[in-house]
Amino acid sequence: MKVSLSWLREYIPIDLDPQEISDRLTMAGLEVDGVESLYDYLDNVIVAQVVQARQHPNADKLTCCTVDIGKGELFPIVCGAPNVREGMYVACALPGAVLPGDVKIKKSKLRGEPSHGMLCSAAELMLADDASGIMDLDGEFVAGTPLESALKLDDAVFEIDLTPNRPDCLSLIGVAREIGAFTDPGSKVTLPDVTFPEAQVDTRDINDFVAVEIEASQLCPRYTAGMLFDVTVGPSPLWLKQRLEAVGLASVNNVVDITNYVMMETGQPLHAFDYDNIAESKIIVRTAGKPGDAPLEFKTLDSKVHRLDPEMLMICDGEKPVGIAGVMGGENSEITDATSRVLVESAYFNPVSIRRTAKRTGIASDASHRFERGVDPEGTMFALKRAVLLMAQLCSARIASGIIDENPVKAQPVTIDLSPEALNVRLGTSFSADEMARILASVEFDVDKKDNGDLQVHVPSFRVDVTRPEDLSEEVARLWGYNKIETSYPLVKAQSRPLAGRLVLRSKIRQAMTGFGFCEAINYNFIRKDACERMGIEDTDKRTRMVEILNPISDQMAVLRTSLVPGLLESMARNTAKQVDALKLFEIGKIFYDKAPGEQPEEVEMLGGVITGSRCDQTWYSKKEAVDFFDLKGVVQGLLDSFHISGGLYERTDAAACPYFEPGYGAKVVKDGLVLGTLGKIAPDVGAAFGLKQDAYLFELDMDRFEKAVPQSIQAVGLPKFPSISRDMTFIVSKRVEVGAMTDTISTFAQKQGLIEDYFLFDVFEGRNIGEDKKSLSFRIVYRSASKTLTEKNIKKIHDQLSRKLIDEFDAGLPG
């Protein structure tokens with residue numbers, strides 16, 4: 001929105017400089033993007049005095065002048081104006097000046113005589129219409145004074161970036177009202193007089209020439225119209241052209257220019273029809289058709305054809321549409337040079353309807369820009385009278401007697417009860433009720449004080465954005481000054497609460513797994529319906545109870561997953577297909593088990609991980625070795641250790657529980673009788689079903705059970721003072737004996753004895769020398785006392801007792 005300072009001064013006295021006006025408007029919520037001097041093109045145009053004037057020796061209509069441009073400096077200038085004379089003060093454009101029309105002034109020769117500038121007419125400087133001769137500046141001037149300063153041409157144009165909730169400021173009067181609020185509290189906007197002079201009012205009544213019918217009253221609550229006879233259509237006077245050009249509008253003709261001028265002045269869009277093109281002398285405001293009708297084609301003023309939906313609001317005559325209501329008029333009723341009778345429209349249209357129509361037709365006009373934000377419903381009559389009066393004055397027209405005002409739906413005034421106490425609490429201020437009333441009255445709100453001290457505020461009709469007490473709080477804040485409101489903070493205790501336990505657990509697991517060299521995978525919760533079949537899971541297994549998606553994206557995402565295994569294996573297959581042979585992935589996510597129809601599925605959070613490929617990168621100092629089951633077991637054990645979960649056992653898992661594991665390569669992790677999860681080697685046929693071509697190892701842990709196994713607290717133990725002593729024992733047992741069972745027995749024994757500090761398996765041997773179904777297990781037992789240094793004598797008895805217990809319990813033999 002562009003506004004001219006000189007134009008604003010027609011409505012309110014302004015003594016502030018443009019920069020201060022810009023700053024204050026911005027602080028009041030009307031952000032000024034820029035300020036441009038309207039007479040910037042007068043740079044290098046000065047007041048000069050003609051010292052000598054003589055006839056050009058080679059041209060009858062040219063005069064050779066000697067011009068004083070100040071400080072005693074004389075320029076030769078050739079002039080063709082008939083009124084040039086010695087002693088007169090003139091407007092002189094010096095070399096380097098650029099005049100309107102991109103006229104560049106430079107030194108030259110005219111018919112052999114030098115000319116170092118140009119003596120300008122008022123028309124050439126866009127200061128008046130007179131082009132008959134150069135400007136004859138009347139009065140005393142000093143040569144060399146800039147013309148802009150000498151004539152006090154200090155007009156400026158403000159570029160205001162308005163928010164959508166301030167349609168009242170899409171007008172010069174609206175902006176002037178805002179300026180009046182901070183320039184002088186008692187200053188009010190002076191509106192133009194719209195009283196029709198009797199001498200210009202014709203005896204012919206408008207009602208004898210046109211009738212208005214509103215069929216869509218909800219979309220057009222009010223429609224006013226005026227009429228003029230004997231209209232002379234032609235160019236607009238210079239002052240009107242300058243006003244429009246200053247705010248970014250081009251001149252068309254005097255009738256159209258007046259409608260644009262009044263729109264910019266009042267914010268009320270208008271439209272002028274050629275009355276002689278109105279069929280049956282009738283205006284009908286209706287929709288383009290009925291629901292189900294075919295779209296209507298209509299050519300607008302810009303000569304473009306638009307398809308109109310049946311619900312779009314139209315302005316029609318007795319036979320056809322003549323305009324898209326609130327958006328753009330039709331080419332079939334536009335003003336031309338032959339127009340002699342003009343019908344002027346000023347109406348209020350439903351903002352939602354106009355916005356919908358403008359968007360669908362793709363027409364972004366100045367009128368739709370205002371209507372879709374909301375114009376003043378009570379301002380239609382004032383704008384109409386203003387336009388009709390200007391047309392009578394500038395178009396030598398006569399005004400038809402009477403004005404049509406169809407108003408089937410009256411605008412309801414808005415009254416708001418405002419509590420000063422609540423407003424002060426909201427803003428953190430301490431205004432009195434009288435101060436609030438004064439601030440609101442500065443922008444034409446009517447305020448009454450109630451008996452209880454509250455205020456009753458009557459909102460002016462042009463402020464369609466103010467509907468509740470909070471809006472009034474904003475008005476008080478912006479008019480008083482946002483920058484004056486002190487910054488305050490809520491009086492709340494600076495306290496925090498710990499994160500949920502599961503969030504902390506997930507974070508620590510991610511940290512541990514990335515420390516083991518794993519990358520986190522995030523897979524979809526949706527999988528293929530045949531996932532369980534590819535994993536070899538029987539129909540009786542809980543994991544076959546899948547929740548089907550009613551409208552799946554594809555057959556690859558048909559059901560909710562009941563295991564993390566399919567997603568992890570598919571992720572591994574995609575990577576290995578891209579030649580990423582060595583891979584470690586983990587995922588934390590939920591699985592879903594279907595319940596009764598209509599019920600939410602059971603959700604279980606799981607942790608899964610897969611490894612494949614080489615144990616480490618191949619280098620010159622190391623051999624390429626593939627990962628095996630014990631690499632995966634080490635990861636799981638490392639994860640348990642990082643959470644201080646001790647006493648975990650690894651037991652064989654049933655083939656039915658994990659059919660996707662290769663037989664003999666599956667285990668379950670047990671803690672205090674609770675199964676935390678499973679781990680094992682993926683069976684070759686299952687891997688092939690998921691596109692894997694190399695060995696892969698996988699583990700799954702139940703997050704709920706894992707969290708329960710994490711100790712709530714840990715106890716620190718001091719460093720030992722006395723040295724330890726270690727002894728080894730080797731047993732030959734059946735291959736069916738689990739090492740975990742033996743270590744469990746050692747643990748129970750150690751708890752009773754008190755001297756056993758640590759124990760672990762350090763060697764396994766299988767071979768013909770000990771039998772095909774046998775294996776040799778070697779354990780190292782670490783002894784330590786907290787009170788003395790142990791000797792062989794101290795531990796021999798305990799070591800023998802432990803050895804006999806293991807031999808008896810597991811039918812073990814000793815090496816031969």
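Mentor: In what follows, Ala, Val, Leu, Ile, Met, Phe, Trp, Tyr, Cys and Pro count as nonpolar, Asp, Glu, Lys and Arg as charged, and the others, Gly among them, as polar. This is a predicted model, where local features need pLDDT of at least 70, side-chain atom pairs need 80 or more, and totals for chains, interfaces and linings use all residues. Residues are numbered from 1 along each chain as its sequence is written, and side-chain values use heavy atoms, with hydrogens and water left out.

Trainee: OK, how much space lies in the largest pocket?

Mentor: About 1400 Å³. A pocket is an open set of points on a 1 Å grid over the protein atoms alone, with protein on both sides within 12 Å along at least five of seven lines, while in a cavity a 1.4 Å probe fits but cannot get out; lining residues have an atom within 4 Å of a point. Volume is the space filled by probe spheres on the points, which are joined across faces, edges and corners.

Trainee: And which residues lie nearest the centre of that pocket?

Mentor: Lys633, Tyr650, Val739, Gly740 and Thr743, out of 34 lining residues. Helix H19 (739–753) is among the elements giving two or more residues to that lining, as are helix H16 (629–642) and strand E35 (661–671). H19 gives the largest share, six residues. Helices (H or I, at least four residues) and strands (E, at least two) are DSSP runs numbered from the N terminus.

Trainee: What's the lining of the largest pocket like by class?

Mentor: There are 15 nonpolar, 10 polar and nine charged residues in it.

Trainee: Switching to helices, at what angle do H5 and H6 pack?

Mentor: About 50 degrees, for H5 (residues 238–246) and H6 (residues 254–266), with axes 10 Å apart. That's why H5 counts as oblique to H6.

Trainee: Which residues in H5 and H6 meet?

Mentor: Trp239, Leu240, Arg243 and Leu244 in H5 meet Asp257, Ile258, Asn260 and Tyr261 in H6. That contact has five nonpolar, one polar and two charged residues.

How values were computed:
Axes fitted to C-alpha atoms, helices over the stretch in contact; angles between N-to-C directions. Parallel < 35°, antiparallel > 145°, perpendicular 65-115°, else oblique. Contact = heavy atoms within 4.5 Å.
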